[in-house]
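Please work through the following exercises with the sequence and the 3D structure open beside the text. Each task is followed by a solution that goes step by step.

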Amino acid sequence: MFNKIKSLTLAFFVLIFILSPNNAFAAKYPIILLYTNDVHCGIEDNLGYAKISQYKQDLRHQTPYIALIDAGDAIQGTPIGKLSNGNSIINIMNAIGYDFAIPGNHEFDYGMQQFLKLNDKLNCNYYSANIIDLKNNINLLPAYKILQFDDVKIALIGVTTPETLTSSTPAFFQNETGEFIYSFDEDATGEKLYTKIQQTVDNVKKLGVDYVILVAHLGEHANVPRWSSIAVANHTTGINAIIDGHSHETISEDIVQNAKQQNVIITQTGTKLKNLGQLTIDTNGQISTKLIDNLTTQDTKITALIATEKQKFAPILNQTIGKSDVFLTTVDPKNNKRLIRSGETNLGDFVTDAYKTVLNTDIAICNGGGIRNEIPIGSFTYNDILNTFPFGNMCVIIEATGQQILDALEMSASNYPEENGGFLQVSGLSYTIDSTIPSHIITDDKGNFIKVNGAYRVQNVMIDNKPLNLNKKYTVGGTSYILKLGGNGMSMFKNAHLIQDEMMSETDVIIEYIQNHLNATIDNTYENPYGQGRIIIK
């Protein structure tokens with residue numbers, strides 16, 4: 001009798017083991033998901049695409065079960081992206097052989113129509129569960145893709161941060177009357193996003209998948225916490241791992257808890273191909289992740305393709321614009337950490353001076369997130385300018401009240417001391433941020449400014465050495481992204497009088513300032529990396 005019970009018990013556990021989705025007989029070889037995020041056109045930076053392509057090929061000597069994934073923001077960030085409207089990057093991604101990709105917020109920087117063209121051109125296409133075409137009330141893109149290796153099914157679900165509505169150009173998601181015709185499942189609590197992701201997870205589970213991997217452009221420590229990957233993990237079930245992006249964090253493997261207190265892995269590679277991520281599902285069903293930061297061998301076909309794509313634009317990019325006697329920076333020289341999104345820098349002063357001078361306005365403002373690189377000492381080219389200002393923004397002039405200007409400065413300082421892409425560099429004015437006062441900014445469910453419901457952190461605003469007059473109207477120069485289109489939630493300017501509409505690109509304004517107002521030389525006026533004392537932190 002004992003032997004019979006023992007045999008039945010053993011048979012029961014063998015059956016349970018075989019039926020388990022993570023059993024040792026599910027796949028003959030390890031399943032490897034390679035992943036990138038926030039490449040931002042860094043096609044030759046750090047590891048570079050050519051080495052990643054070769055590594056992918058070399059892995060096939062170990063296992064045939066390999067897929068390559070991108071978690072967004074691949075096609076924008078350097079001149080090759082801007083000048084080709086993203087096409088050059090898509091050509092390279094196709095040659096490497098990406099199997100799955102999602103749009104980050106910057107995939108939309110060339111406009112919705114161009115994004116849709118790039119989606120058709122990308123061999124694997126884009127996926128995202130939470131981009132809704134409100135005109136037809138349908139998903140703009142497929143929500144998921146199922147990969148099968150032997151008997152193992154893996155669902156890859158895409159999700160794009162709702163912050164895209166303000167961090168990309170809001171007008172791209174609106175109709176001609178300013179109504180939003182696309183949604184990212186945004187709301188004031190995060191519940192719409194959590195619900196959509198949970199519904200998608202439940203749907204793929206019904207299809208018999210063994211693993212669910214969320215490929216997300218959210219950020220573990222995101223600007224909007226309710227839309228972070230941690231928040232999504234905490235409010236959902238059934239997700240095994242989150243391959244993340246957006247916040248440029250380097251995360252080999254973090255373990256967080258889902259709504260049932262089960263473990264969820266979060267991982268992210270940083271930016272500009274500093275690392276390649278590798279998620280492995282071993283033959284015993286266990287999931288592990290690691291980051292690879294050292295590869296040596298290049299795929300010569302990809303190297304040649306990159307050279308071809310770059311050569312298309314070489315005559316334009318190699319033109320000399322001027323020279324600089326100082327290093328114009330975005331970082332704090334004391335610790336080499338990015339400063340331009342939380343404090344004044346000499347590059348911020350230079351850019352806003354260019355706007356104010358060439359546009360001939362009372363003041364000028366520029367969001368720190370629009371400045372992406374430094375300007376070096378010595379001669380610099382058009383390529384250097386485009387590397388620093390890659391968005392192709394157009395400049396405008398508006399007439400705004402002192403109250404609107406104060407609200408914009410308050411919105412920009414709302415996250416301090418945390419970084420904020422909407423942090424404003426300024427010319428023609430100065431102001432103080434009292435960081436001991438908490439932010440009282442009220443925004444709508446899309447992150448757009450509504451009002452200040454309490455004391456202002458921003459104080460002592462001076463224009464032309466005179467206190468800001470809240471009722472007076474001032475001319476303001478800057479990009480259409482901030483002043484016309486409400487980027488970074490700057491909706492306080494929405495009804496401002498538009499004096500000059502998109503007559504020059506920001507790069508043309510900057511080049512004119514250098515060549516016609518500075519005699520092609522940026523001198524010691526901008527020597528101090530911390531700027532000229534326009535922004536005081538208290």
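## Backbone exceptions and a covered strand

Asp-464 lies in the loop between strand 25 (458-463) and strand 26 (466-467). The model examined here is a predicted one.

**Exercise 1.** Carry out the analysis for His-248, stating its loop, its phi and its accessibility class.

**Exercise 2.** Identify which peptide bond involving Pro-417 is cis, and locate Pro-417 among the secondary-structure elements.

*Solution.* The cis peptide bond is the one that joins Tyr-416 and Pro-417, with omega at about 10°. As for location, Pro-417 is part of the loop between helix 13 (402-412) and strand 21 (424-427).

**Exercise 3.** Describe how strand 27 is covered, and work out which way strand 18 and strand 20 run relative to strand 27.

*Solution.* Start with burial: strand 27 spans residues 473-479, and six of its seven residues are buried, so that the strand is mostly covered. Consider next strand 18 (residues 363-367), which runs parallel to strand 27 and is joined to it by two bridges; here Ile-363 has Val-476 as its bridge partner in strand 27. Strand 20, by contrast, runs antiparallel to strand 27, with seven bridges joining the two, and Thr-401 stands opposite Lys-473 of strand 27.

**Exercise 4.** Which residues does Asn-393 touch, leaving aside those up to four places away in sequence, and is Asn-393 buried or exposed?

*Solution.* First locate Asn-393 in the loop between helix 12 (382-388) and strand 20 (394-401). The contacts of Asn-393, not counting residues up to four places away in sequence, are with Thr-479, Tyr-481, Ser-505 and Glu-506. With 12% relative accessibility, Asn-393 counts as buried, because buried means under 20% relative accessible area.

Key. Residues are numbered from 1 along each chain as its sequence is written. This is a predicted model: local features need pLDDT of at least 70, side-chain atom pairs count only at pLDDT 80 or more; totals for chains, interfaces and linings use all residues. Side-chain values use heavy atoms; hydrogens and water are left out. Helices (H or I, at least four residues) and strands (E, at least two) are DSSP runs, numbered from the N terminus. Buried means under 20% relative accessible area, exposed over 50%, partly exposed in between (1.4 Å probe, protein chains only). Contact means heavy atoms within 4.5 Å. Two strands pair if DSSP finds at least two bridges between them.
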